[in-house]
Amino acid sequence: MRVLAAAAAAICFCAPSFSDNSNYPQPLADALAMGYAAPEGAFWRFTLRVSMNETVMDVRFDGAEADGEDWTLLSPASADDLSDELSAMWTDMNTPDEDSGENEGAGLSIRSGGGLFFSPETARMIAGDVQQASAGGYTFRPDLDPDSDEADSMAEHLSGEIALASSGQVERIRIFAPASFKPNPAARIHEFEMIMNFQTLEGLPAPVMTSMSTVVDVSALFQRQQQSVRFEFSDVEYAEP
(Lines give C-alpha, C1' and ligand atoms only; values in the text may rest on other atoms or scores of the structure.)
Protein backbone atom coordinates (compact mmCIF):
# COMPACT_ATOMS: atom_id res chain seq x y z
CA MET A 1 0.00 0.00 0.00
CA ARG A 2 2.89 2.35 0.74
CA VAL A 3 4.01 1.89 -2.86
CA LEU A 4 0.75 3.27 -4.25
CA ALA A 5 0.95 6.41 -2.13
CA ALA A 6 4.62 6.96 -2.96
CA ALA A 7 3.90 6.45 -6.66
CA ALA A 8 1.19 9.08 -6.50
CA ALA A 9 3.60 11.50 -4.82
CA ALA A 10 6.32 10.79 -7.39
CA ILE A 11 4.08 12.02 -10.21
CA CYS A 12 4.56 15.57 -9.03
CA PHE A 13 8.35 15.49 -8.81
CA CYS A 14 9.53 13.80 -12.00
CA ALA A 15 11.51 15.51 -14.76
CA PRO A 16 9.25 17.71 -16.90
CA SER A 17 8.30 16.86 -20.46
CA PHE A 18 6.68 19.75 -22.23
CA SER A 19 3.36 19.23 -23.96
CA ASP A 20 0.99 21.26 -26.10
CA ASN A 21 -1.93 22.64 -24.10
CA SER A 22 -3.36 24.59 -27.03
CA ASN A 23 -6.37 22.24 -27.32
CA TYR A 24 -7.60 23.13 -23.83
CA PRO A 25 -10.08 25.98 -23.28
CA GLN A 26 -8.86 29.34 -22.06
CA PRO A 27 -7.92 30.20 -19.33
CA LEU A 28 -7.05 26.58 -18.50
CA ALA A 29 -4.47 26.41 -21.29
CA ASP A 30 -2.72 29.48 -19.86
CA ALA A 31 -2.71 27.97 -16.36
CA LEU A 32 -1.24 24.68 -17.57
CA ALA A 33 1.52 26.57 -19.36
CA MET A 34 2.78 28.10 -16.11
CA GLY A 35 5.14 25.20 -15.41
CA TYR A 36 8.84 25.80 -14.86
CA ALA A 37 11.90 23.59 -15.39
CA ALA A 38 14.52 24.33 -12.75
CA PRO A 39 18.04 24.74 -14.19
CA GLU A 40 20.88 22.43 -13.23
CA GLY A 41 22.39 23.46 -9.92
CA ALA A 42 19.18 24.91 -8.49
CA PHE A 43 18.17 23.66 -5.06
CA TRP A 44 15.33 23.79 -2.53
CA ARG A 45 14.99 24.13 1.20
CA PHE A 46 11.67 23.47 2.93
CA THR A 47 9.97 21.93 5.94
CA LEU A 48 7.81 18.89 5.26
CA ARG A 49 5.13 17.46 7.51
CA VAL A 50 4.17 13.88 6.63
CA SER A 51 0.91 12.59 8.13
CA MET A 52 0.33 8.88 7.59
CA ASN A 53 -2.56 6.96 9.13
CA GLU A 54 -2.79 9.36 12.10
CA THR A 55 0.98 9.44 12.75
CA VAL A 56 3.12 12.51 12.00
CA MET A 57 6.74 13.23 11.06
CA ASP A 58 8.29 16.69 10.58
CA VAL A 59 11.49 16.92 8.51
CA ARG A 60 13.63 19.65 6.94
CA PHE A 61 15.13 19.33 3.47
CA ASP A 62 18.26 21.24 2.41
CA GLY A 63 19.23 20.65 -1.20
CA ALA A 64 22.60 22.31 -0.67
CA GLU A 65 23.69 19.33 1.42
CA ALA A 66 25.01 16.05 0.02
CA ASP A 67 22.76 13.09 -0.71
CA GLY A 68 22.06 11.18 2.48
CA GLU A 69 22.65 14.32 4.54
CA ASP A 70 19.97 16.59 3.11
CA TRP A 71 17.06 15.49 5.33
CA THR A 72 16.89 16.38 9.04
CA LEU A 73 14.34 14.87 11.41
CA LEU A 74 12.64 17.63 13.42
CA SER A 75 9.88 15.65 15.14
CA PRO A 76 9.72 13.24 16.86
CA ALA A 77 13.05 13.69 18.59
CA SER A 78 14.25 10.20 17.63
CA ALA A 79 13.67 8.02 14.57
CA ASP A 80 13.01 5.18 17.03
CA ASP A 81 9.70 6.88 17.86
CA LEU A 82 8.42 6.76 14.27
CA SER A 83 5.72 4.32 13.17
CA ASP A 84 6.89 1.44 11.00
CA GLU A 85 5.68 3.10 7.78
CA LEU A 86 7.16 6.51 8.60
CA SER A 87 10.40 4.82 9.68
CA ALA A 88 10.61 3.16 6.26
CA MET A 89 10.03 6.51 4.56
CA TRP A 90 12.68 8.18 6.74
CA THR A 91 15.18 5.46 5.82
CA ASP A 92 14.44 5.99 2.11
CA MET A 93 14.94 9.73 2.46
CA ASN A 94 18.43 9.17 3.83
CA THR A 95 19.49 6.48 1.33
CA PRO A 96 21.08 7.80 -1.91
CA ASP A 97 20.02 5.89 -5.00
CA GLU A 98 22.83 3.53 -6.05
CA ASP A 99 22.05 3.75 -9.75
CA SER A 100 21.54 7.48 -10.31
CA GLY A 101 23.21 8.96 -7.25
CA GLU A 102 20.06 10.94 -6.53
CA ASN A 103 18.20 10.84 -3.27
CA GLU A 104 14.80 9.39 -4.13
CA GLY A 105 13.30 10.46 -0.80
CA ALA A 106 10.36 8.03 -0.72
CA GLY A 107 9.28 9.05 -4.20
CA LEU A 108 10.14 12.73 -3.81
CA SER A 109 12.90 13.36 -6.36
CA ILE A 110 13.52 16.92 -5.22
CA ARG A 111 16.95 17.17 -6.83
CA SER A 112 15.69 16.58 -10.39
CA GLY A 113 13.16 18.24 -12.67
CA GLY A 114 10.94 20.99 -11.31
CA GLY A 115 11.10 20.04 -7.65
CA LEU A 116 8.10 21.67 -5.95
CA PHE A 117 7.15 23.75 -8.99
CA PHE A 118 3.97 23.07 -10.88
CA SER A 119 5.55 21.34 -13.87
CA PRO A 120 4.61 20.49 -17.45
CA GLU A 121 4.71 16.84 -16.36
CA THR A 122 1.98 17.53 -13.80
CA ALA A 123 -0.02 19.30 -16.51
CA ARG A 124 0.10 16.12 -18.60
CA MET A 125 -2.24 14.47 -16.10
CA ILE A 126 -5.01 16.61 -17.66
CA ALA A 127 -5.38 14.09 -20.50
CA GLY A 128 -8.58 15.25 -22.19
CA ASP A 129 -12.39 15.44 -22.13
CA VAL A 130 -12.11 18.83 -20.40
CA GLN A 131 -15.43 20.45 -19.53
CA GLN A 132 -16.25 23.51 -17.48
CA ALA A 133 -17.89 22.58 -14.18
CA SER A 134 -21.09 24.26 -13.05
CA ALA A 135 -19.51 25.19 -9.70
CA GLY A 136 -16.43 26.66 -11.40
CA GLY A 137 -13.20 25.08 -12.55
CA TYR A 138 -13.06 22.13 -14.92
CA THR A 139 -13.54 18.38 -15.00
CA PHE A 140 -11.21 16.18 -17.03
CA ARG A 141 -10.07 12.65 -17.87
CA PRO A 142 -6.89 11.98 -15.86
CA ASP A 143 -3.79 10.08 -16.93
CA LEU A 144 -1.64 9.34 -13.88
CA ASP A 145 1.37 7.94 -15.72
CA PRO A 146 1.39 6.96 -19.42
CA ASP A 147 4.41 4.69 -18.84
CA SER A 148 2.80 2.63 -16.06
CA ASP A 149 0.60 -0.39 -16.75
CA GLU A 150 -0.93 -0.10 -13.28
CA ALA A 151 -1.83 3.57 -13.77
CA ASP A 152 -3.24 2.79 -17.22
CA SER A 153 -5.53 0.10 -15.81
CA MET A 154 -6.76 2.57 -13.17
CA ALA A 155 -7.21 5.60 -15.42
CA GLU A 156 -10.46 4.47 -17.03
CA HIS A 157 -12.07 4.35 -13.59
CA LEU A 158 -10.92 7.79 -12.43
CA SER A 159 -12.26 11.32 -12.77
CA GLY A 160 -10.51 14.64 -12.32
CA GLU A 161 -11.32 18.16 -11.15
CA ILE A 162 -9.13 21.23 -11.47
CA ALA A 163 -9.60 24.67 -9.92
CA LEU A 164 -7.86 27.91 -10.87
CA ALA A 165 -6.94 30.76 -8.55
CA SER A 166 -8.05 34.33 -9.22
CA SER A 167 -4.49 34.97 -10.43
CA GLY A 168 -4.99 32.40 -13.21
CA GLN A 169 -2.71 29.67 -11.88
CA VAL A 170 -3.67 26.08 -11.10
CA GLU A 171 -4.75 26.08 -7.45
CA ARG A 172 -6.04 22.54 -6.89
CA ILE A 173 -6.09 19.21 -8.73
CA ARG A 174 -8.24 16.36 -7.50
CA ILE A 175 -8.16 12.86 -9.03
CA PHE A 176 -10.57 10.33 -7.59
CA ALA A 177 -12.59 7.18 -8.19
CA PRO A 178 -16.35 7.93 -8.29
CA ALA A 179 -17.05 4.27 -7.45
CA SER A 180 -15.16 1.15 -6.40
CA PHE A 181 -13.50 -0.82 -9.21
CA LYS A 182 -11.22 -3.76 -9.98
CA PRO A 183 -7.92 -2.69 -11.63
CA ASN A 184 -7.17 -6.40 -12.05
CA PRO A 185 -8.94 -9.66 -11.19
CA ALA A 186 -7.06 -10.03 -7.88
CA ALA A 187 -7.80 -6.61 -6.37
CA ARG A 188 -10.61 -4.14 -5.75
CA ILE A 189 -10.06 -0.47 -5.00
CA HIS A 190 -12.87 0.74 -2.76
CA GLU A 191 -11.63 4.34 -2.56
CA PHE A 192 -8.95 6.37 -4.30
CA GLU A 193 -8.37 10.11 -4.03
CA MET A 194 -5.36 12.32 -4.67
CA ILE A 195 -5.42 16.08 -4.06
CA MET A 196 -2.65 18.55 -4.88
CA ASN A 197 -2.70 22.22 -3.83
CA PHE A 198 -0.49 24.96 -5.33
CA GLN A 199 0.27 28.57 -4.43
CA THR A 200 2.25 31.42 -5.94
CA LEU A 201 5.14 32.43 -3.68
CA GLU A 202 6.76 35.84 -4.01
CA GLY A 203 9.89 35.83 -6.14
CA LEU A 204 9.42 32.35 -7.62
CA PRO A 205 8.81 31.82 -11.36
CA ALA A 206 5.95 29.28 -11.09
CA PRO A 207 3.30 28.03 -8.64
CA VAL A 208 4.65 25.81 -5.87
CA MET A 209 3.06 22.73 -4.34
CA THR A 210 2.03 23.41 -0.75
CA SER A 211 0.29 20.11 0.01
CA MET A 212 -0.57 16.74 -1.44
CA SER A 213 -2.75 14.00 0.00
CA THR A 214 -3.72 10.49 -1.05
CA VAL A 215 -6.34 8.11 0.29
CA VAL A 216 -6.35 4.48 -0.84
CA ASP A 217 -8.62 1.67 0.34
CA VAL A 218 -7.97 -1.65 -1.42
CA SER A 219 -8.77 -5.34 -1.05
CA ALA A 220 -6.29 -7.89 -2.39
CA LEU A 221 -5.45 -11.51 -1.57
CA PHE A 222 -8.37 -11.65 0.90
CA GLN A 223 -7.00 -8.69 2.87
CA ARG A 224 -8.26 -5.12 3.04
CA GLN A 225 -5.86 -2.27 3.65
CA GLN A 226 -6.38 1.48 3.98
CA GLN A 227 -3.80 4.22 3.82
CA SER A 228 -4.07 7.98 4.18
CA VAL A 229 -0.99 10.11 3.49
CA ARG A 230 -0.61 13.89 3.49
CA PHE A 231 2.48 15.97 2.62
CA GLU A 232 2.51 19.63 3.72
CA PHE A 233 5.33 21.95 2.58
CA SER A 234 6.21 25.17 4.42
CA ASP A 235 9.14 27.58 4.90
CA VAL A 236 10.00 27.06 1.22
CA GLU A 237 13.24 28.50 -0.16
CA TYR A 238 14.53 28.16 -3.73
CA ALA A 239 17.90 29.21 -5.17
CA GLU A 240 19.37 29.13 -8.68
CA PRO A 241 23.10 29.22 -9.47
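1. Start with Arg-45: at 26% relative accessibility it counts as partly exposed, a class lying between buried (under 20% relative accessible area) and exposed (over 50%), using a 1.4 Å probe and protein chains only. Bear in mind that this is a predicted model, where local features need pLDDT of at least 70, side-chain atom pairs count only at pLDDT 80 or more, and totals for chains, interfaces and linings use all residues. Residues are numbered from 1 along each chain as its sequence is written, and side-chain values use heavy atoms, without hydrogens and water.

2. Arg-45 makes a salt bridge (side-chain nitrogen of Lys or Arg within 4 Å of a carboxyl oxygen of Asp or Glu) to Asp-62, with the closest N and O atoms 2.9 Å apart. Asp-62 counts as buried, at 19% relative accessibility.

3. Arg-45 also meets Glu-237 in a salt bridge, 3.9 Å from N to O. Glu-237 is partly exposed at 41%. Salt bridges join Arg-45, Arg-60, Asp-62 and Glu-237 into a network, and the whole structure has 9 salt bridges.

4. On the aromatic side, the search turns up 9 pairs, counting rings of Phe, Tyr and Trp (its six-membered ring) with centres within 6.5 Å; planes under 30 degrees apart are stacked, over 60 edge-to-face, the rest tilted. Phe-61 and Trp-71 are tilted, because their planes sit at 55°, with centres 4.8 Å apart. Phe-61 and Trp-71 are both buried.

5. Phe-117 and Tyr-238 pair edge-to-face, at 4.9 Å and 75°.
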